[in-house]
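Reader: I have a model open on my screen and would like to know what stands behind the words used for it. Could you take me through a few of them?

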Amino acid sequence: MRELQAPKGVSEYFPPRSQYFEFVRETLIDSAKIAGYQLMELPVFEDTELFRRGVGESTDVVSKEMYTFEDRGGRSITLRPEGTAGVMRSVIEHNLDKLTLPIKVWYSGAYFRAERPQAGRYRQFYQVGIEAIGLDDPEIDFEVIAIADRAFKELGLKEYRLEITSLGDTKSRASHRKDLVAYISKLKLDEATSARAALNPLRLFDDKRSEIQEAMAGAPLLLDYLSEESSANFERVKDLLTEAKISFTINPRMVRGLDYYTGTAFEFVSEKLGAQSGIGGGGRYDGLMAELGGNELSGIGFGLGVDRILLACEAEGIFDSAINRSDLDLFLVALTSGEKSFVSNLLNSLRNQGISCDMAYGDRALKGAMKSADKSGAKFSAVIGADEIKSGNLSLKDMKTGEIKEVRITALSDEFNAN
RNA sequence: GUGGUCGUAGCUCAGCUGGUAGAGCACUCGGUUGUGGUCCGAGAUGUCGCGGGUUCGAGCCCCGUCGAUCACCCCA
């Protein structure tokens, strides 16, 4: 074991793979931005109470997966396990709900859950999320789903599916729950499972064990209990998705892990990942704002798992053809150490003019320096020796074609700005 | 939190029934005068995850531990 190593279960991204991570994250964010969502930058830690009330005591996330500690002032602090609760807190705290509605925000960052690590499941993971608050309308439900779907298509993902359902309103949920509990009480379950069912009977729908799935086959479905309004909303969302040619399947057994969801709920699942195949999910939450002490505003949002989406992209071979994503225009090589300060200055002045360029550092032989030029992925390279400095001309080499053309050193910036 | 598998050079891995380590890739240098990507040659590299035990002797066996991985639970 190394003396120092990263804590268990964290994901890290470094070159060259970090460029794909960045690409994925930026693509997800762009999809939200072009729909009018604005940045919300929030703390990674919050008062523990926020998640207890916001996410729900009955959830596994709160009951056993939070990183909670006491700070120096004796306050109970928790590393955010998800993003929505923090957004709500901030909206309420800064009275954003008094402004024009809906509030449409996006956010991105690290989240923390103390789970056993697994492929696609990390203790620190990254999400891009959006929330549209203060509007209860199928149109906005559709918009939120479409933003996620557009992001995935933009990335080039094909092997994924969208599952949707409606979790109904408070009344429909209550009557369904009553029947479901009655149904479950007749089943023979082991201790752990019935304890889980007692906390949230819906969980049993999600159990992967075949005996449980068989036992649940005849269980009453929430979709059959929807109120007229919920049902009409759900129909409208489905129609909009169909019109937009966003394919989906209805999964009446879908369960969301956090307690606050109501109404439209959805999940994007990659076909190319293992057990942790959910690449994004979200839904509507009616009672959350009020629960946290704010106005009775409804909202909808999603969280997209950047780590898993990156994994899915790789599994689909999306980056195979992207051989070179380097941003460098030019790579300079000093022939001998005598030209290094000249090159260094030239480099600096080119950068001042907005040209992305780099140079071979250290005392490497020309062959080695050219190798680093190659590896840098720069579009052009140039060797600078005493001759070039004297004449003021250099040979600009196109690294792809090998073509060389003479350029005045003073005209270098024009050469690149023209492109 | 539960269970399975695994942990050898920077990376991917080989190492027979225990005798103190190897390959490919990558890396560095070179193949005569200042141009990379192919080819050829040379070179460097490891406390075999860590700790303990068994043994004359362990990378290979046993125990523990840390980590990874896969599944359950749960979820992004």
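Reader: Let us begin with helix α6; which exposed residues does the face turned away from its buried side carry?

Author: Happy to start there, with the reminder that this is a predicted model. That face of α6 carries T170, K171, K178 and S185. Exposed stands for over 50% relative accessible area, and these four residues are listed as exposed.

Reader: What makes residues of α6 buried, and which are they?

Author: The cut-off is under 20% relative accessible area. In α6, the buried residues are S172, H176, L180 and I184. Seen down the axis of α6, they fall within an arc of 90 degrees, so they line one face of the helix.

Reader: What covers those buried residues of α6?

Author: The cover includes α7 (191-199), α8 (210-216) and α9 (228-243). Contact here stands for heavy atoms within 4.5 Å.

Reader: How do you know that the span of α6 agrees with its number of residues?

Author: Helix α6 has 16 residues, 170-185, and at 1.5 Å a residue they should span 22 Å.

Reader: Why is helix α4 called mostly covered?

Author: Buried requires under 20% relative accessible area, and nine of the 10 residues of α4 (84-93) are buried. Among them are T84, G86, M88, R89 and I92. What covers the buried residues of α4 includes the strands β2, β5, β6 and β10 and the helices α2 and α10. After α4 comes N95, with a positive phi near 55 degrees.

Reader: Now the pockets: what volume does the largest pocket have, and how many residues line it?

Author: Its space is about 1,700 Å³, and 50 residues line it. A lining residue has an atom within 4 Å of a point of the pocket. Nearest the centre of the largest pocket lie R113, D206, G257, Q276 and R308. Strand β10 gives the most to this lining, with six residues.

Reader: How is that lining divided by class?

Author: The lining of the largest pocket has 19 charged, 16 nonpolar and 15 polar residues.

Reader: And which element supplies the largest share of the lining of the second largest pocket?

Author: That is α6, with six residues. This pocket has a volume of about 410 Å³. It is lined by 21 residues, and R173, R177, N200, L202 and D259 lie nearest its centre. By class, its lining has 10 nonpolar, six polar and five charged residues.

How values were computed
Residues numbered from 1 in each chain as written. Chains lettered and ligands numbered in written order. Predicted model: local features only at pLDDT ≥ 70, side-chain atom pairs only at ≥ 80, totals over all residues. Heavy atoms only, no water. Helix = DSSP H or I, 4+ residues; strand = E, 2+ residues; numbered from the N terminus. Expected span 1.5 Å × (residues − 1). Buried < 20%, exposed > 50% of the residue type's maximum accessible area, 1.4 Å probe, protein only. Arc of directions from axis to C-beta. 1 Å grid on protein atoms, 1.4 Å probe; cavity = no way out; pocket = protein on both sides within 12 Å on 5 of 7 lines; lining within 4 Å. Points joined across faces, edges and corners; volume = space filled by probe spheres on them. Nonpolar A, V, L, I, M, F, W, Y, C, P; charged D, E, K, R; others polar.
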